[in-house]
Amino acid sequence: MKFSISQVALAAILILAAGCSRQAGFTTVKDGHFVRDGHVQKFVGTNFWYGPILASEGQGGDLARLERELDALKDLGLVNLRVLVGGDGPDGVFSRVDPTLQKAPGIYNDTLLVGLDRFLSELGKRDMQAVLYLNNSWEWSGGYGQYLEWATGEKALIPLVDGYWPFMQQMRKFQTSKPAQELFYNHVRAIVGRINTITGKPYKDDPAIFSWQIGNEPRCFSDEPEIRDGFIAWMTETARIIKEIDPNHMVSTGNEGLMGCENDPGLLKRVNTIPGVDYMTIHIWPYNWSWAKEESLSEDLDNALAKTDEYVERHVELAHQLGLPIVVEEFGFPRDGFSPDREATTTCRDKYYDHIFSLVRKGTLDGCNFWGWSGFANPSGPQWQKGDDYTGDPAQEAQGLNGVYMTDSTIGIIKQSLSY
(Lines give C-alpha, C1' and ligand atoms only; values in the text may rest on other atoms or scores of the structure.)
Protein backbone atom coordinates (compact mmCIF):
# COMPACT_ATOMS: atom_id res chain seq x y z
CA MET A 1 0.00 0.00 0.00
CA LYS A 2 1.29 3.46 -0.90
CA PHE A 3 0.83 6.56 1.22
CA SER A 4 0.80 10.14 -0.02
CA ILE A 5 3.03 12.75 1.59
CA SER A 6 -0.05 14.38 3.08
CA GLN A 7 -1.12 11.05 4.66
CA VAL A 8 2.34 10.55 6.15
CA ALA A 9 2.35 14.11 7.47
CA LEU A 10 -1.09 13.62 8.99
CA ALA A 11 0.01 10.38 10.67
CA ALA A 12 3.06 12.15 12.12
CA ILE A 13 0.88 14.94 13.46
CA LEU A 14 -1.49 12.43 15.07
CA ILE A 15 1.40 10.57 16.71
CA LEU A 16 2.85 13.84 17.98
CA ALA A 17 -0.54 14.93 19.27
CA ALA A 18 -0.99 11.63 21.08
CA GLY A 19 2.38 12.04 22.74
CA CYS A 20 1.61 15.62 23.77
CA SER A 21 -1.78 14.55 25.11
CA ARG A 22 -0.18 11.86 27.27
CA GLN A 23 2.18 14.41 28.75
CA ALA A 24 -0.34 17.23 29.13
CA GLY A 25 -0.65 18.33 32.74
CA PHE A 26 2.47 16.53 33.97
CA THR A 27 4.99 18.60 35.90
CA THR A 28 8.62 18.23 34.84
CA VAL A 29 11.88 20.09 35.46
CA LYS A 30 13.59 22.38 32.96
CA ASP A 31 16.50 24.73 33.63
CA GLY A 32 16.22 24.23 37.38
CA HIS A 33 12.50 25.04 37.64
CA PHE A 34 9.18 23.22 37.51
CA VAL A 35 7.39 23.39 34.17
CA ARG A 36 3.82 22.37 33.41
CA ASP A 37 2.23 22.67 29.97
CA GLY A 38 5.08 24.89 28.83
CA HIS A 39 4.87 27.34 31.74
CA VAL A 40 7.08 27.73 34.82
CA GLN A 41 5.14 26.41 37.82
CA LYS A 42 5.55 27.83 41.33
CA PHE A 43 3.18 27.04 44.15
CA VAL A 44 2.08 27.55 47.72
CA GLY A 45 0.49 24.36 48.99
CA THR A 46 -0.12 22.41 52.15
CA ASN A 47 0.22 19.02 53.80
CA PHE A 48 -3.00 16.98 53.78
CA TRP A 49 -1.72 13.59 54.91
CA TYR A 50 -5.19 12.13 55.66
CA GLY A 51 -6.84 12.94 52.32
CA PRO A 52 -7.08 9.32 51.05
CA ILE A 53 -8.63 8.20 54.35
CA LEU A 54 -11.37 10.83 54.02
CA ALA A 55 -11.92 9.62 50.44
CA SER A 56 -12.63 6.05 51.57
CA GLU A 57 -16.03 4.57 52.40
CA GLY A 58 -14.81 2.77 55.51
CA GLN A 59 -13.49 3.78 58.92
CA GLY A 60 -12.43 7.42 58.87
CA GLY A 61 -14.10 8.09 55.53
CA ASP A 62 -16.08 11.30 55.07
CA LEU A 63 -16.75 12.05 51.41
CA ALA A 64 -18.77 15.17 52.19
CA ARG A 65 -15.92 16.62 54.22
CA LEU A 66 -13.39 15.62 51.54
CA GLU A 67 -15.25 17.54 48.87
CA ARG A 68 -15.70 20.53 51.18
CA GLU A 69 -11.99 20.57 52.04
CA LEU A 70 -10.82 20.20 48.45
CA ASP A 71 -13.18 22.93 47.25
CA ALA A 72 -11.88 25.26 49.95
CA LEU A 73 -8.26 24.45 49.12
CA LYS A 74 -8.89 25.00 45.43
CA ASP A 75 -10.60 28.33 46.09
CA LEU A 76 -7.62 29.46 48.15
CA GLY A 77 -5.19 28.41 45.42
CA LEU A 78 -3.59 25.66 47.51
CA VAL A 79 -3.50 23.16 44.65
CA ASN A 80 -0.34 21.23 45.59
CA LEU A 81 -1.00 18.78 48.43
CA ARG A 82 1.57 16.60 50.13
CA VAL A 83 -0.15 13.34 51.06
CA LEU A 84 0.57 10.04 52.81
CA VAL A 85 -0.17 7.03 50.59
CA GLY A 86 -1.15 5.09 53.71
CA GLY A 87 -0.01 3.72 57.04
CA ASP A 88 1.66 0.36 57.68
CA GLY A 89 0.88 -2.31 60.25
CA PRO A 90 -2.06 -3.21 62.49
CA ASP A 91 -4.66 -0.69 63.62
CA GLY A 92 -4.94 0.39 67.22
CA VAL A 93 -1.26 1.16 67.86
CA PHE A 94 -0.77 4.21 70.08
CA SER A 95 0.25 7.35 68.16
CA ARG A 96 -0.13 5.66 64.75
CA VAL A 97 -2.42 6.67 61.88
CA ASP A 98 -5.64 4.68 62.11
CA PRO A 99 -6.82 2.95 59.93
CA THR A 100 -3.67 1.79 58.16
CA LEU A 101 -3.41 0.82 54.51
CA GLN A 102 -0.93 -2.09 54.50
CA LYS A 103 -1.94 -4.50 57.26
CA ALA A 104 0.81 -7.04 56.59
CA PRO A 105 3.42 -7.25 53.82
CA GLY A 106 1.48 -6.99 50.57
CA ILE A 107 -1.89 -7.29 52.36
CA TYR A 108 -3.96 -4.13 51.91
CA ASN A 109 -7.15 -2.58 53.20
CA ASP A 110 -8.91 -2.49 49.82
CA THR A 111 -11.32 0.19 51.02
CA LEU A 112 -8.39 2.53 51.63
CA LEU A 113 -6.85 1.66 48.27
CA VAL A 114 -10.08 2.73 46.61
CA GLY A 115 -9.95 5.81 48.83
CA LEU A 116 -6.56 6.66 47.35
CA ASP A 117 -8.04 6.13 43.87
CA ARG A 118 -10.99 8.38 44.65
CA PHE A 119 -8.76 11.04 46.19
CA LEU A 120 -6.68 11.27 43.00
CA SER A 121 -9.86 11.32 40.93
CA GLU A 122 -11.21 14.24 42.95
CA LEU A 123 -7.92 16.10 42.58
CA GLY A 124 -8.05 15.58 38.83
CA LYS A 125 -11.53 17.10 38.65
CA ARG A 126 -10.16 20.25 40.28
CA ASP A 127 -6.82 20.38 38.44
CA MET A 128 -4.97 19.84 41.72
CA GLN A 129 -1.85 17.73 42.30
CA ALA A 130 -0.46 15.51 45.05
CA VAL A 131 3.02 14.63 46.25
CA LEU A 132 2.57 11.02 47.39
CA TYR A 133 5.01 9.75 50.00
CA LEU A 134 5.51 6.02 50.39
CA ASN A 135 7.45 5.54 53.64
CA ASN A 136 8.22 7.30 56.92
CA SER A 137 11.21 7.36 59.21
CA TRP A 138 8.84 8.23 62.08
CA GLU A 139 6.44 5.98 63.91
CA TRP A 140 3.14 7.72 63.21
CA SER A 141 2.45 5.80 59.99
CA GLY A 142 4.47 2.63 60.68
CA GLY A 143 7.30 3.17 58.22
CA TYR A 144 10.85 2.05 59.04
CA GLY A 145 9.85 0.48 62.35
CA GLN A 146 7.00 -1.58 60.93
CA TYR A 147 9.09 -2.93 58.05
CA LEU A 148 11.79 -3.91 60.55
CA GLU A 149 9.21 -5.63 62.76
CA TRP A 150 7.82 -7.55 59.81
CA ALA A 151 11.29 -8.59 58.63
CA THR A 152 12.98 -9.35 61.96
CA GLY A 153 10.25 -9.82 64.55
CA GLU A 154 11.73 -7.04 66.69
CA LYS A 155 8.82 -4.96 67.97
CA ALA A 156 8.78 -1.40 66.62
CA LEU A 157 9.48 1.16 69.32
CA ILE A 158 7.26 4.17 69.96
CA PRO A 159 9.14 7.38 70.89
CA LEU A 160 6.44 8.67 73.27
CA VAL A 161 6.55 5.34 75.12
CA ASP A 162 10.09 4.02 74.69
CA GLY A 163 12.03 7.29 74.28
CA TYR A 164 13.48 8.97 71.20
CA TRP A 165 17.06 7.77 71.61
CA PRO A 166 16.17 4.02 71.67
CA PHE A 167 13.75 4.66 68.80
CA MET A 168 16.40 6.31 66.63
CA GLN A 169 18.91 3.58 67.43
CA GLN A 170 16.40 1.02 66.21
CA MET A 171 15.47 2.98 63.06
CA ARG A 172 19.07 3.09 61.85
CA LYS A 173 18.84 -0.68 61.37
CA PHE A 174 16.50 -0.18 58.42
CA GLN A 175 19.37 1.25 56.36
CA THR A 176 21.14 -2.12 56.18
CA SER A 177 18.23 -4.55 56.55
CA LYS A 178 17.81 -6.09 53.10
CA PRO A 179 14.71 -8.09 54.13
CA ALA A 180 12.96 -4.96 55.46
CA GLN A 181 13.91 -3.01 52.36
CA GLU A 182 12.63 -5.73 50.04
CA LEU A 183 9.25 -5.57 51.75
CA PHE A 184 9.21 -1.84 51.11
CA TYR A 185 10.24 -2.24 47.46
CA ASN A 186 7.30 -4.60 46.97
CA HIS A 187 5.00 -1.95 48.41
CA VAL A 188 6.46 0.63 46.02
CA ARG A 189 5.82 -1.66 43.05
CA ALA A 190 2.24 -2.31 44.15
CA ILE A 191 1.33 1.37 44.60
CA VAL A 192 3.24 2.98 41.73
CA GLY A 193 2.06 0.27 39.33
CA ARG A 194 -1.57 0.54 40.41
CA ILE A 195 -4.51 1.20 38.05
CA ASN A 196 -7.11 3.60 39.45
CA THR A 197 -10.40 1.73 39.95
CA ILE A 198 -12.41 4.97 39.75
CA THR A 199 -10.96 6.39 36.52
CA GLY A 200 -9.51 3.25 34.94
CA LYS A 201 -6.28 5.18 34.47
CA PRO A 202 -2.87 3.77 35.51
CA TYR A 203 -1.26 5.94 38.17
CA LYS A 204 1.69 6.48 35.85
CA ASP A 205 -0.62 8.26 33.40
CA ASP A 206 -2.31 10.52 35.95
CA PRO A 207 -1.21 14.19 35.99
CA ALA A 208 -2.95 14.61 39.36
CA ILE A 209 0.26 13.13 40.78
CA PHE A 210 2.89 15.86 41.08
CA SER A 211 5.63 13.51 42.23
CA TRP A 212 6.30 10.26 44.00
CA GLN A 213 8.20 10.70 47.23
CA ILE A 214 10.42 8.06 48.79
CA GLY A 215 9.39 8.87 52.33
CA ASN A 216 8.54 11.41 54.96
CA GLU A 217 11.79 12.77 56.39
CA PRO A 218 14.02 9.80 55.52
CA ARG A 219 17.04 9.84 57.83
CA CYS A 220 19.92 7.44 58.35
CA PHE A 221 20.16 8.24 62.11
CA SER A 222 23.90 7.53 62.09
CA ASP A 223 27.40 8.84 61.44
CA GLU A 224 28.71 5.39 60.53
CA PRO A 225 29.82 5.04 56.88
CA GLU A 226 28.19 1.61 56.48
CA ILE A 227 24.82 2.94 57.68
CA ARG A 228 25.07 5.99 55.46
CA ASP A 229 25.98 3.92 52.43
CA GLY A 230 22.96 1.71 53.11
CA PHE A 231 20.77 4.79 53.45
CA ILE A 232 21.82 6.07 50.04
CA ALA A 233 21.60 2.61 48.49
CA TRP A 234 17.99 1.88 49.43
CA MET A 235 16.82 5.33 48.33
CA THR A 236 18.71 4.89 45.06
CA GLU A 237 17.01 1.54 44.48
CA THR A 238 13.61 3.01 45.37
CA ALA A 239 14.05 5.84 42.86
CA ARG A 240 15.14 3.32 40.22
CA ILE A 241 12.07 1.16 40.78
CA ILE A 242 9.71 4.13 40.61
CA LYS A 243 11.24 5.45 37.38
CA GLU A 244 11.22 2.00 35.82
CA ILE A 245 7.49 1.64 36.45
CA ASP A 246 6.56 5.28 35.94
CA PRO A 247 8.82 7.43 33.75
CA ASN A 248 6.19 10.20 33.54
CA HIS A 249 6.36 11.52 37.09
CA MET A 250 9.07 13.20 39.11
CA VAL A 251 10.70 11.60 42.15
CA SER A 252 11.60 13.44 45.36
CA THR A 253 13.20 12.17 48.55
CA GLY A 254 11.16 13.90 51.28
CA ASN A 255 14.41 14.68 53.08
CA GLU A 256 14.56 17.61 55.53
CA GLY A 257 17.87 18.91 54.24
CA LEU A 258 20.85 19.27 56.54
CA MET A 259 18.77 18.51 59.63
CA GLY A 260 17.86 15.18 58.04
CA CYS A 261 21.47 14.50 57.03
CA GLU A 262 23.16 14.72 60.42
CA ASN A 263 24.12 18.32 59.46
CA ASP A 264 26.63 16.90 56.99
CA PRO A 265 26.83 18.83 53.67
CA GLY A 266 28.48 15.82 52.04
CA LEU A 267 25.57 13.53 52.90
CA LEU A 268 23.10 16.21 51.78
CA LYS A 269 24.77 16.30 48.37
CA ARG A 270 24.69 12.52 48.10
CA VAL A 271 20.96 12.52 48.86
CA ASN A 272 20.28 15.08 46.15
CA THR A 273 22.45 13.48 43.47
CA ILE A 274 20.68 10.12 43.62
CA PRO A 275 19.85 9.19 40.01
CA GLY A 276 16.21 9.92 39.28
CA VAL A 277 15.71 12.53 42.02
CA ASP A 278 14.24 15.55 40.25
CA TYR A 279 14.14 18.28 42.91
CA MET A 280 15.38 19.18 46.37
CA THR A 281 13.12 19.11 49.41
CA ILE A 282 13.74 20.73 52.79
CA HIS A 283 11.69 20.98 55.98
CA ILE A 284 11.85 23.73 58.62
CA TRP A 285 10.60 23.47 62.21
CA PRO A 286 11.70 26.45 64.34
CA TYR A 287 10.23 25.14 67.59
CA ASN A 288 11.42 21.54 67.14
CA TRP A 289 14.90 22.82 66.31
CA SER A 290 15.05 25.20 69.34
CA TRP A 291 15.02 28.38 67.26
CA ALA A 292 11.91 29.43 69.22
CA LYS A 293 10.94 28.29 72.70
CA GLU A 294 7.52 27.30 73.98
CA GLU A 295 7.41 30.07 76.57
CA SER A 296 8.74 32.84 74.29
CA LEU A 297 7.42 32.24 70.77
CA SER A 298 6.80 35.94 70.13
CA GLU A 299 10.15 37.08 71.52
CA ASP A 300 11.99 34.40 69.53
CA LEU A 301 10.22 35.04 66.22
CA ASP A 302 12.94 37.29 64.77
CA ASN A 303 15.58 34.68 65.62
CA ALA A 304 13.46 32.00 63.98
CA LEU A 305 13.14 34.08 60.82
CA ALA A 306 16.88 34.76 60.69
CA LYS A 307 17.70 31.08 61.21
CA THR A 308 15.16 30.17 58.53
CA ASP A 309 16.77 32.50 55.99
CA GLU A 310 20.19 31.07 56.78
CA TYR A 311 18.91 27.50 56.41
CA VAL A 312 17.15 28.25 53.14
CA GLU A 313 20.16 30.07 51.71
CA ARG A 314 22.50 27.14 52.34
CA HIS A 315 20.17 24.77 50.48
CA VAL A 316 19.34 27.15 47.65
CA GLU A 317 23.05 27.43 46.92
CA LEU A 318 23.38 23.66 46.54
CA ALA A 319 20.14 23.39 44.55
CA HIS A 320 21.47 25.95 42.07
CA GLN A 321 24.76 24.06 41.78
CA LEU A 322 22.88 20.86 41.00
CA GLY A 323 20.33 22.51 38.71
CA LEU A 324 17.41 21.42 40.90
CA PRO A 325 14.20 23.21 41.91
CA ILE A 326 13.85 23.58 45.68
CA VAL A 327 10.70 23.25 47.81
CA VAL A 328 10.19 23.86 51.53
CA GLU A 329 7.56 21.14 51.58
CA GLU A 330 7.02 21.07 55.30
CA PHE A 331 7.17 23.93 57.79
CA GLY A 332 5.16 24.94 60.79
CA PHE A 333 4.89 27.31 63.71
CA PRO A 334 2.81 26.75 66.87
CA ARG A 335 -0.23 28.73 67.88
CA ASP A 336 0.33 31.66 70.21
CA GLY A 337 1.01 30.59 73.78
CA PHE A 338 1.84 27.12 72.49
CA SER A 339 -1.82 26.24 72.81
CA PRO A 340 -3.51 23.48 70.77
CA ASP A 341 -6.91 25.10 71.32
CA ARG A 342 -8.45 25.94 67.95
CA GLU A 343 -9.57 29.26 69.41
CA ALA A 344 -5.98 30.27 70.21
CA THR A 345 -4.62 33.09 68.06
CA THR A 346 -1.93 32.61 65.41
CA THR A 347 -0.19 35.99 65.26
CA CYS A 348 3.36 34.61 65.31
CA ARG A 349 2.54 31.81 62.90
CA ASP A 350 0.95 34.25 60.46
CA LYS A 351 4.13 36.33 60.34
CA TYR A 352 6.25 33.23 59.91
CA TYR A 353 4.08 31.85 57.10
CA ASP A 354 4.04 35.17 55.29
CA HIS A 355 7.84 35.18 55.34
CA ILE A 356 8.05 31.72 53.76
CA PHE A 357 5.41 32.65 51.19
CA SER A 358 7.45 35.73 50.27
CA LEU A 359 10.39 33.49 49.36
CA VAL A 360 8.19 31.84 46.74
CA ARG A 361 6.93 35.19 45.47
CA LYS A 362 10.49 36.46 45.12
CA GLY A 363 11.61 33.32 43.31
CA THR A 364 14.01 32.11 46.01
CA LEU A 365 11.90 28.97 46.34
CA ASP A 366 10.03 27.06 43.67
CA GLY A 367 7.30 26.08 46.08
CA CYS A 368 6.28 25.50 49.68
CA ASN A 369 3.77 23.36 51.59
CA PHE A 370 2.86 24.39 55.13
CA TRP A 371 2.08 21.79 57.81
CA GLY A 372 -0.68 21.18 57.95
CA TRP A 373 -4.26 21.52 56.79
CA SER A 374 -7.00 21.08 59.42
CA GLY A 375 -9.69 22.92 57.49
CA PHE A 376 -13.15 22.19 58.86
CA ALA A 377 -12.04 19.69 61.52
CA ASN A 378 -13.37 19.94 65.06
CA PRO A 379 -11.18 17.77 67.31
CA SER A 380 -12.51 16.61 70.67
CA GLY A 381 -9.27 17.28 72.52
CA PRO A 382 -5.49 17.59 72.24
CA GLN A 383 -4.94 13.82 71.98
CA TRP A 384 -6.40 12.16 68.89
CA GLN A 385 -8.81 9.32 69.63
CA LYS A 386 -10.37 6.85 67.21
CA GLY A 387 -13.43 8.47 65.69
CA ASP A 388 -12.13 12.03 66.05
CA ASP A 389 -11.84 14.33 63.07
CA TYR A 390 -8.46 14.19 61.35
CA THR A 391 -6.40 17.37 61.52
CA GLY A 392 -3.09 18.52 60.09
CA ASP A 393 -1.47 17.23 63.29
CA PRO A 394 -1.08 13.43 63.13
CA ALA A 395 -1.99 11.17 66.04
CA GLN A 396 1.22 11.58 68.05
CA GLU A 397 0.99 15.38 68.11
CA ALA A 398 -1.26 17.82 69.97
CA GLN A 399 -4.34 18.28 67.79
CA GLY A 400 -4.51 21.87 66.57
CA LEU A 401 -1.06 23.04 67.64
CA ASN A 402 0.31 23.36 64.10
CA GLY A 403 -2.85 22.77 62.06
CA VAL A 404 -4.55 25.52 60.05
CA TYR A 405 -8.34 25.74 60.43
CA MET A 406 -10.64 27.66 58.11
CA THR A 407 -11.40 29.93 61.07
CA ASP A 408 -7.75 30.93 61.59
CA SER A 409 -6.42 34.36 60.66
CA THR A 410 -3.75 32.41 58.73
CA ILE A 411 -6.35 31.96 55.97
CA GLY A 412 -6.16 35.70 55.34
CA ILE A 413 -2.38 35.50 55.02
CA ILE A 414 -2.75 32.71 52.48
CA LYS A 415 -5.29 34.69 50.44
CA GLN A 416 -3.05 37.76 50.52
CA SER A 417 -0.01 35.76 49.47
CA LEU A 418 -1.75 34.08 46.55
CA SER A 419 -3.29 37.30 45.28
CA TYR A 420 0.08 38.54 43.99
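Visitor: How many salt bridges does the count come to?

Guide: This is a predicted model, in which local features need pLDDT of at least 70 and side-chain atom pairs count only at pLDDT 80 or more, while totals for chains, interfaces and linings use all residues. Residues are numbered from 1 along each chain as its sequence is written, and side-chain values use heavy atoms, with hydrogens and water left out. A salt bridge is a side-chain nitrogen of Lys or Arg within 4 Å of a carboxyl oxygen of Asp or Glu. By this rule the count comes to 24.

Visitor: Is arginine 82 buried or exposed?

Guide: Buried means under 20% relative accessible area, exposed over 50%, and partly exposed in between (1.4 Å probe, protein chains only). Glutamate 329, with 1%, is buried. Arginine 82 has a relative accessible area of 0%, so this residue is buried.

Visitor: With which residue does aspartate 117 form a salt bridge?

Guide: The closest N and O atoms of the pair are 2.7 Å apart, and the partner of aspartate 117 is arginine 194. The two are 77 residues apart, with aspartate 117 in helix H4 (residues 110-125) and its partner in the loop between helix H8 (178-192) and strand E9 (209-213). Both residues are buried: aspartate 117 and arginine 194.

Visitor: Why does the pair of arginine 172 and glutamate 224 tie together parts apart in sequence?

Guide: The side chains of arginine 172 and glutamate 224 meet in a salt bridge of 3.1 Å, N to O. Arginine 172 counts as buried at 16%, whereas glutamate 224 is partly exposed at 40%. Because arginine 172 lies in the loop between helix H7 (164-171) and H8, and glutamate 224 in the loop between E9 and helix H9 (225-245), the parts tied together are 52 residues apart.

Visitor: What is the volume of the largest pocket?

Guide: On a 1 Å grid over the protein atoms alone, a pocket is an open set of points where a 1.4 Å probe fits, with protein on both sides within 12 Å along at least five of seven lines; lining residues have an atom within 4 Å of a point. The lining has 23 residues, and Tyr164, Glu217, Asn288, Gln396 and Glu397 lie nearest the centre. A volume is the space filled by probe spheres set on the points, which are joined across faces, edges and corners. For the largest pocket this is about 670 Å³.

Visitor: Which helix gives the most to the lining of the second largest pocket?

Guide: The second largest pocket has a volume of about 270 Å³. Of its 16 lining residues, Lys42, Phe43, Val44, Gly77 and Val79 are the closest to its centre. Strand E4 (43-47) and helix H12 (347-361) each supply at least two residues. The most, 3 residues, comes from H12.

Conventions:
Helices (H or I, at least four residues) and strands (E, at least two) are DSSP runs, numbered from the N terminus.
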